[in-house]
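Open the model in a viewer and keep the sequence panel beside it. The stops below go through one chain and then the other.

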Amino acid sequence: MAKGRLTRGRLLAAAAPLAAVPFVGKVALAGDAAAGGHDHSGHSPERMPTSHLKGTMGHAAMVGDEAPAVGGPTDLDALLYPPPALPYQPGRVREYTLTATDADLEVAPGVFFPGWVYNGTAPGPVIRATEGDLLRVHFVNGGSHPHTIHFHGIHPTNMDGVFQIVDTGGLFTYEFEARPAGMQLYHCHSTPLKKHIHKGLYGAFIIDPKEPRPPAKELVMVMNGFDTDGDGENNFYTVNGRSFYYARYPIRIKRSERVRIYLANLTEFDLVNSFHLHADFFRYQPTGTGDHWEYTDTVMQCQGQRGVIEIEFAASGLHMFHAHQSEFTELGWMGFFEVVD
Amino acid sequence: MEAHSATPDRGRVNWRIWAVVPVLLLAAVVGVVVTAGSSLVDLVGSNPPPADQFDIRRVEFSPGEIRIVVRNPQRDDLTIANVNVDDAIVPYEVDGPTTLGRLRSSTIVVPFEWVEDDPISFGVTSSTGIQTVKEIPAAVATPEPSAKGFFGYALIGLLVGVLPIALGLLWLPALRHAGAVWLATFMAFTAGLLSFLGVEALTEAFDLQASLPAALGGAGLVLLGVALSFLGMTALAGRLTGGAAASGLTLALLIAVGIGLHNLGEGLAIGASFALGELQLGAFLIVGFMIHNVTEGLGIATPVAKTRVTVLALVGLAIIAGAPTILGAWIGGYTSSDVLGALFFAIAAGAAFQVVVEVGRYVARSAPGGLRSGHAIAGFIAGIATMYVTGVLVA
């Protein structure tokens with residue numbers, strides 16, 4: 001129960017250089033649901049119902065400005081939209097720099113969580129390489145505890161991020177060939193493991209096959225939770241780090257366009273998490289490997305499991321997606337695709 | 001003479017200065033500590049973070065809406081950042097400040113279709129992510145103040161407070177034929193009964209203060225209430241008797257006041273528990289209270305067994321002892337002040353113990369054989385035992 005909680009002073013001093021965490025003081029849910037038109041390519045709430053809080057109960061129906069989510073419509077774009085896949089090219093080197101820091105994360109409006117993060121956010125940045133690329137990840141530990149990066153995939157054991165503990169202020173470069181193709185992930189492997197993961201040290205790691213996947217609108221969703229009061233149970237659930245974010249800012253999709261979602265579960269404490277899509281079915285490729293695709297509207301992942309979802313939406317309109325654990329849904333893991341013609 | 005008169009004068013001035021000096025010095029030291037406080041802490045370590053737990057004082061249910069009254073029990077400010085009902089984040093409004101200063105309260109208003117009789121839980125999360133959870137065993141509509149409700153509580157108070165005492169007083173004609181030994185036994189019985197009520201009230205007072213925030217609670221609050229009422233009752237007794245030991249109507253009045261103060265607390269507990277959905281008010285419980293309280297009438301009647309009293313005086317005694325139940329039920333049913341609750345029970349305890357002293361003095365003086373006689377001891381024990389056994393009916 002080590003609660004490294006923040007004081008008001010730390011609250012104000014922290015965060016700014018680390019993450020795009022806007023400082024929102026208070027949730028005023030009911031009163032201020034004025035019809036505001038956010039203008040952004042990826043999200044368009046103009047067709048959202050604006051105020052039905054007085055009439056409806058619960059968040060299953062909450063969308064747009066009523067959904068209590070932190071920040072603006074583009075804040076999580078770097079996590080949602082991965083860098084583009086590069087065609088296979090022998091001998092190419094892909095370099096990334098990940099810096100671990102301590103950061104106060106605003107996971108729900110006005111609720112701050114003293115997290116540990118890679119490059120300012122939890123989940124951390126999306127790392128992407130093509131199978132056969134030489135991956136070089138420079139790790140800088142700017143946090144107050146020893147950390148590592150442990151990648152899933154095939155690599156030498158001295159690059160596994162288990163024995164190569166990087167102390168505060170230390171540096172380490174992980175270097176290995178990216179393989180196998182699929183949806184991988186990375187996370188800190190320092191002990192206590194549970195704390196280092198739950199604090200926010202994890203992210204998506206996409207390895208593209210040499211034979212490229214068909215073109216698609218690509219999204220990354222890392223499912224997680226935040227135990228803000230240190231009792232070993234999550235208080236908030238999210239995809240990409242902010243509860244109800246995609247309910248407030250639905251993800252805009254073109255009808256019939258191929259959509260590919262790289263989905264991973266890094267939720268601590270709970271045995272499983274899941275992804276359920278409303279009003280349509282999708283194809284699911286476990287771990288993003290092999291030829292087996294499941295046709296379904298619900299997939300379940302334990303911690304560390306991941307896969308690739310592909311779908312062409314059949315109809316326009318708001319398609320809800322959420323964990324099919326009702327509790328997670330109502331604690332923030334819920335959003336919408338806004339499918340347009 | 002001149003010099004002689006000047007000296008005490010200057011002495012008086014000095015005395016006044018010296019009276020102020022410690023206060024001024026204290027103020028100066030306080031100033032220094034306040035400005036240098038954190039560096040003082042740094043010498044020995046660092047302060048733990050604030051608990052950031054809310055004090056959820058009351059939850060009120062009305063159709064389609066829940067109102068949660070929260071208080072900040074700690075020194076540091078506390079901000080309401082998120083509200084859960086049954087582990088689900090819900091929309092809410094805050095009636096009052098969202099950031100609460102020390103001991104400040106606000107009401108969280110949640111539009112919610114709650115389910116009658118189902119258990120329900122609430123979580124209020126601070127800006128630091130700390131969630132305070134309150135579980136309600138069964139959701140029931142909180143009674144709104146209404147003429148009907150007022151009348152209902154009055155009727156309940158009448159049934160469990162006034163009526164059984166009035167019935168107990170009807171033992172008076174029989175008591176008039178009782179011998180001195182029997183009367184002494186009944187008086188000792190009354191002392192036992194009052195001791196029981198005093199201990200019961202004291203326990204209740206300690207329980208209530210324990211649930212208060214540290215800044216408001218404390219055993220001192222209970223002691224304050226007990227001392228206030230004990231000494232107040234002593235002064236009242238002294239006034240009524242002119243210093244002599246109380247007897248007759250005076251003693252009956254003191255007993256009635258003691259029982260009345262206890263019944264105020266009892267009414268408060270009934271009203272508050274019912275309003276919070278923690279008590280099932282049924283015929284069985286009301287009958288239980290009636291049987292529990294009927295002996296209180298006997299206690300009031302015994303001192304006047306050999307005195308001439310008018311029916312009006314008896315009615316007055318019954319009202320003094322019983323009517324506070326009605327008042328208590330109203331207060332408990334429609335308001336929520338846990339500080340007052342603890343204080344009320346402490347006052348009831350102090351009054352009961354004082355009346356035990358008065359009754360003891362009476363028994364010591366008037367009973368054949370005094371306090372050490374077998375019947376006095378047996379009566380006292382029987383009083384406690386009777387209250388214990390009939391208390392099972394209301395537990």
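Two strands are taken as paired if DSSP finds at least two bridges between them. Strands (E, at least two residues) and helices (H or I, at least four) are DSSP runs, numbered from the N terminus. The model is predicted, so local features need pLDDT of at least 70 and side-chain atom pairs count only at pLDDT 80 or more, while totals for chains, interfaces and linings use all residues. Residues are numbered from 1 along each chain as its sequence is written, and chains are lettered from A and ligands numbered from 1 in the order in which they are written.

**Chain A: the sheet**

Select strand E7 (residues 182-187) and strand E8 (residues 202-208) of chain A; 6 bridges join them in the antiparallel sense. Within this pair, Ala204(A) in E8(A) is the residue opposite Leu185(A). Now widen the selection to the open sheet of 4 strands, whose order is E3-E8-E7-E5 (chain A) and whose pairing is mixed. Strand E3 (127-130) and strand E5 (150-151) of chain A are its edge strands, each pairing on one side only.

**Chain A: two domains**

Colour chain A by domain, with bounds from an automatic or database domain assignment: domain 1 is 86-208 and domain 2 is 217-340. The centres of domain 1 of chain A and domain 2 of chain A, taken over C-alpha atoms, are 21 Å apart. In the contact between them (C-beta atoms, placed from the backbone, within 7 Å), domain 1 of chain A contributes 22 residues and domain 2 of chain A contributes 25 residues. On the domain 1 side, at least two residues each come from strand E1 (93-108), strand E2 (111-118), E7, helix H3 (193-198) and E8 of chain A. The residues on that side are 16 nonpolar, 5 polar and 1 charged. Here Ala, Val, Leu, Ile, Met, Phe, Trp, Tyr, Cys and Pro count as nonpolar, Asp, Glu, Lys and Arg as charged, and the others, Gly among them, as polar.

**Chain B: the whole chain**

Move to chain B, which has 11 helices and 9 strands. Its radius of gyration, taken over C-alpha atoms, is 27 Å, well over the 21 Å that the globule rule gives for 395 residues, so chain B is more spread out than a compact globule; the rule is 2.2 Å times the number of residues to the power 0.38. The C-alpha trace of chain B spans about 90 × 75 × 40 Å along its principal axes. The domain assignment gives domain 1 (1-47), domain 2 (55-136) and domain 3 (147-394) of chain B. Between the C-alpha centres of domain 1 of chain B and domain 3 of chain B there are 49 Å.

**Chain B: strand E3**

Select strand E3 (residues 78-85) of chain B, where 8 of 8 residues are buried, that is, have 20 or more other C-beta atoms, placed from the backbone, within 10 Å of their own. E3(B) pairs antiparallel with strand E8 (residues 120-126) of chain B over 5 bridges, and Ile80(B) is opposite Ser126(B). Strand E6 (residues 99-100) of chain B joins E3(B) by 2 bridges, also antiparallel, with Thr79(B) opposite Thr99(B). Strand E4 (residues 88-89) of chain B is a further antiparallel partner of E3(B), over 2 bridges; there Asn84(B) has Ile89(B) as its bridge partner. Zoom in on the 2 residues between E3(B) and E4(B) in their hairpin, where Asp86(B) takes a positive phi near 50°.

**Chain B: helix H4**

How far apart are the end C-alpha atoms of helix H4 (residues 180-210) of chain B? They are 45 Å apart, which agrees with the 45 Å that its 31 residues should span at 1.5 Å a residue, counted as 1.5 Å times one less than the number of residues. Of the 31 residues in H4(B), 23 are buried.

Conventions:
A residue is buried if 20 or more other C-beta atoms lie within 10 Å of its own, exposed if 12 or fewer, and partly exposed in between; C-beta atoms are placed from the backbone. Two residues are in contact if their C-beta atoms, placed from the backbone, lie within 7 Å.
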